[in-house]
Amino acid sequence: MDKRGDAETYTYAKELEKEKADTKEYQEYVEENGKKFYVPYRTVREVIFSGIKKEELIDTEHAARLQYRLMLKDSILFAKVEFVARRIKVTYNPDDANNRKEKISLQQLIELLAKEGVHVDERQMQQRDVDYYNEIYKYQFNPPSIREHPPYGYTLEEWRNGMKAEYESRKEVYDKAKLEKFRAFQEEYLLQHPELAKELGVDIGAIQEKEKKRASLLGKLVKKKETGEKGFWFHGI
Amino acid sequence: MGISSASRPSDTLQIDERTNTVVNAATGAQVDELQAPYHRTIEEIEAMPVIDKTKTVCPECKLIIDGILYKDGDNVMIRKYCPEDGWTIEKYWEDYDMYMRMRNYNYYGRGFDNPDVINKGENCPFDCAMCLRHKSHSGLVNVVVTNRCHLSCWYCFFYAKEGEPVYEPSKQELNKMFIKLRNQKPIPANALQITGGEPTMREDLPEIVTMAKEAGFDQIQLNTTGINLGLHPEMMVKLRYAGVSTLYMSFDGVSKRANPKNHWEVPATLAAARKANLSIVLVPTVIRTINDHELGSIINFALNNVDIVRAVNFQPVSLVGRMPARLREKQRITIPGAIKLIEKQTNGVITKEDWFSVPYVGGINRFIEALTGEYKYDLSIHFACGAGTYLFLDKDNKILPITRFLDAAGLMEHLQNVVNEMQGKSKLERRLMAIKALLDINKFIDKEKQPKSINFAKLLTAVLMKHDFSSVGMFQMKSLFLGMMHFQDEYTYDIRRVEKCDIHYSMPDGRVLPFCTFNVFPEVYRDKIQRQYAIPSKEWEATHPNWNYAADKYRRDIKALEATPEYQKTYNQAIDFFTLPVNAAEAAKMRASKARAVQKIAVVETSGGTEEVKTPASEAVSDSEGGACGCGRDDCGCGGH
């Protein structure tokens with residue numbers, strides 16, 4: 001039972017309005033094709049510390065653990081500790097960033113590394129601002145192809161010599177047919193569940209007419225195909 | 001601290017001749033045989049035969065350390081030593097013979113042509129998103145649609161506690177994730193699991209499902225407790241219409257004690273599923289000493305509802321989070337441990353030899369790909385991640401595991417040989433070779449033993465020739481799939497398994513992660529990203545009128561639920577298939593045949609001291625080739641080659 005009374009809820013709402021007024025300059029949404037998407041960061045910072053002493057990184061295993069420990073901080077978005085290259089790259093939410101998320105200053109980051117036994121040389125440090133939305137978010141949603149694997153039993157040359165183009169055009173046709181098959185399943189399903197058709201405002205009569213026409217034109221030659229919707233659940237095959 | 005030989009009074013075990021039990025030599029206290037492998041001295045452990053080496057993590061400090069897989073009696077164990085936290089000993093696989101048999105089918109898949117991040121995964125598993133090192137495409141992708149839940153299970157870390165931020169992406173944000181998944185190359189994700197929290201908390205769930213269908217997913221599973229769907233059957237109809245293929249429903253046991261989560265609501269959920277014609281996969285999380293005594297009953301329950309239950313997917317527990325070592329030893333169970341219990345609890349009707357490793361099935365996919373020149377799903381996960389078998393329920397209620405009439409291993413080998421021969425051949429030659437291969441299928445099927453109601457050769461030919469869902473749908477209807485999926489935790493962690501994982505999670509920032517990094521290290525993945533993209537609960541409440549945390553929670557009326565006709569029928573009128581004479585007779589035959597086979601096996605004598613157990617290179621794929629990181633690649637850039 002929720003013991004909070006209206007007064008408390010009202011206070012929450014008031015507090016939130018105040019919070020929103022203070023933070024109204026935060027841009028937390030981007031617009032793409034008229035739709036809004038929540039993107040919590042705008043400009044963040046990337047710092048690369050080079051020339052780290054190998055004895056401080058110890059080995060690849062300890063470098064990986066250092067990376068994990070850096071990532072424990074919410075203010076650090078990404079960290080990469082490269083033992084071989086003696087380099088640490090950190091993308092973080094700086095304390096002057098215009099967002100509501102946890103922040104960290106460069107000095108705090110340097111102190112954090114020092115606590116982990118890694119002492120950076122600020123003369124071998126490069127920093128830059130990072131456009132989180134354009135450089136990170138967009139890339140991760142639409143990464144480019146950087147290599148190519150042919151289907152099993154074929155070489156890359158065979159694949160690129162006509163097979164690939166054929167596969168892609170067949171796939172396009174198949175994807176369309178798949179959607180049509182799904183729509184046909186939905187029509188059939190509504191016939192079985194008229195209460196749903198009513199709720200959705202779909203005219204069952206029109207579907208029944210369509211079915212009748214299909215049956216009468218082709219008669220017994222029409223093979224009712226299973227939709228295969230039950231399918232191979234395991235790994236979706 | 002991890003286990004060390006100094007941390008216990010004495011780890012020496014001996015047999016008490018009076019009681020014929022294993023006892024602690026110093027104290028005389030009886031030691032459960034199941035827990036005996038945890039109680040050896042380090043000296044004894046180091047003397048045991050080594051099977052393989054891998055890379056793993058220290059459960060305490062997360063240092064990447066070496067893991068040694070070794071043989072302790074019938075168990076495959078993993079030992080790992082952290083210079084800061086000491087030893088960790090854990091069960092990896094509770095059947096040595098099964099381990100050696102299944103690892104023959106391990107193979108590497110293709111990974112991603114358009115990985116999320118350009119890095120070689122040198123610091124795996126802390127470099128995560130799909131990277132160049134990853135070796136499997138997305139076989140099944142989980143998308144978290146909310147972290148709200150109507151239950152508050154004590155062991156669950158997935159749901160938002162009171163006052164915690166609410167993570168609930170908008171429809172367009174989810175659609176963006178769907179499109180990204182469908183653009184994966186070379187093989188787009190084709191199976192989606194909508195999960196949470198509890199996804200049915202969202203009123204717009206049918207719209208989300210339809211969006212996923214329109215994005216092109218063939219198979220959409222809904223991971224749910226089933227409670228809301230049982231109470232509101234009209235929701236189930238809407239979801240089926242929207243495109244949900246299967247409910248992936250938690251089901252931890254048949255009894256109330258084993259399954260307090262949804263025991264009382266399951267009958268209504270089954271009834272609603274029948275009405276909506278929506279199939280169900282039962283998903284028990286198996287924990288020793290909690291519900292491991294009900295595995296046979298769960299399968300029996302599924303058989304009694306085989307008209308609507310398509311599969312049972314057992315998930316041996318993943319012990320994420322801190323827990324006392326004694327409790328971990330008691331509760332740990334692995335895939336073979338569960339398989340052996342099933343053999344016992346089904347009176348030998350389903351034996352451990354009836355199970356095959358998931359990568360077995362890769363042979364079929366590679367055959368179809370080589371024949372058609374089209375990418376097909378590649379089940380290239382690590383062999384220790386999952387296992388499965390099919391049960392056919394014949395007309396006379398006889399239960400027939402698929403392996404009784406199909407030589408699955410032989411068939412896969414045959415198909416793989418055909419794939420190898422097809423290399424460099426023309427389309428026409430490939431087709432002729434395929435026809436010959438299909439004609440040979442009969443060699444692998446024992447027609448006298450196959451279910452009377454199926455022509456299996458015809459069914460398999462249809463699957464291989466049509467290679468689409470409709471044929472496989474026919475296959476499913478007369479059978480029940482039993483699966484095992486063992487997700488890792490920090491104690492059993494094997495980085496080679498992670499790099500081959502094909503069960504992934506989609507994140508709101510576009511990245512896709514393997515299950516066993518997303519959930520085993522939530523502090524740097526799952527929880528971290530959800531905090532970034534979540535809304536503070538105060539703000540959520542203010543922007544969602546009529547919502548408060550307490551109102552989300554479900555309260556059941558047990559008496560009312562137990563009084564329903566569905567409840568009575570479901571739990572009180574079930575057939576016990578495993579005690580039927582037709583199945584008992586078959587099981588007796590199997591036991592006799594096994595006993596004869598055991599007598600023929602030669603005993604290999606070993607000399608004293610350490611014996612390294614090696615499988616000849618011609619037989620097995622070793623995952624530990626390729627250098628320090630175990631990635632198998634000289635160019636991975638980890639610096640260890």
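In this predicted model, strand 4 of chain A is tied to strand 5 (residues 87-92) of chain A by 6 bridges, and these two strands run antiparallel. Within that pairing, A:Phe78 sits opposite A:Thr91 of strand 5 of chain A.

Next comes the meeting of the two chains. Here 61 residues of chain A are in contact with 82 residues of chain B. On the chain A side, several elements supply at least two residues each: helix 1 (6-22), strand 2 (35-38), helix 3 (60-71), helix 5 (132-141) and helix 6 (156-192). Helix 3 of chain A gives the most to this side, with 9 residues. Sorted by class, the side of chain A that touches chain B comes out at 33 nonpolar, 14 polar and 14 charged residues.

Over in chain B, one helix pair is worth a look. Helix 7 (residues 266-276) and helix 22 (residues 565-572) of chain B pack at an angle of about 100°, and their axes are 8 Å apart. Angles of 65 to 115 degrees count as roughly perpendicular, so helix 7 of chain B is roughly perpendicular to helix 22 of chain B. Helix 7 of chain B brings B:Val266, B:Pro267, B:Ala268, B:Leu270 and B:Ala271 to the contact, while helix 22 of chain B brings B:Glu566, B:Tyr567 and B:Thr570. By class, this contact has 6 nonpolar, 1 polar and 1 charged residues.

The bond from B:Cys124 to B:Pro125 is cis, with omega near 10°. B:Pro125 lies in the loop between helix 2 (96-102) and strand 7 (140-144) of chain B. B:Lys185 and B:Pro186 are likewise joined by a cis peptide bond, with omega about 0°. In this case the proline, B:Pro186, belongs to the loop between helix 3 (171-182) and strand 8 (191-195) of chain B.

Positive phi values turn up in non-glycine residues as well. In chain A, A:Asn33 has phi near 50° and sits in the loop between strand 1 (29-32) and strand 2 of chain A. A:Asn33 counts as exposed, because it has 5 C-beta neighbours inside 10 Å and the cut-off for exposed is 12 or fewer. In chain B, phi of B:Lys62 is near 70°, and this lysine is found in the loop between strand 3 (50-57) and strand 4 (64-72) of chain B. B:Lys62 has 22 C-beta neighbours inside 10 Å and therefore counts as buried, the threshold being 20 or more.

Definitions and conventions:
Residues are numbered from 1 along each chain as its sequence is written. Chains are lettered from A and ligands numbered from 1 in the order in which they are written. This is a predicted model: local features need pLDDT of at least 70, side-chain atom pairs count only at pLDDT 80 or more; totals for chains, interfaces and linings use all residues. Two residues are in contact if their C-beta atoms, placed from the backbone, lie within 7 Å. Helices (H or I, at least four residues) and strands (E, at least two) are DSSP runs, numbered from the N terminus. Ala, Val, Leu, Ile, Met, Phe, Trp, Tyr, Cys and Pro count as nonpolar, Asp, Glu, Lys and Arg as charged, and the others, Gly among them, as polar. Two strands pair if DSSP finds at least two bridges between them. Axes are lines fitted to C-alpha atoms, for helices over the stretch in contact, and angles run from 0 to 180 degrees between N-to-C directions. Angles under 35 degrees count as roughly parallel, over 145 as roughly antiparallel, 65 to 115 as roughly perpendicular and the rest as oblique.
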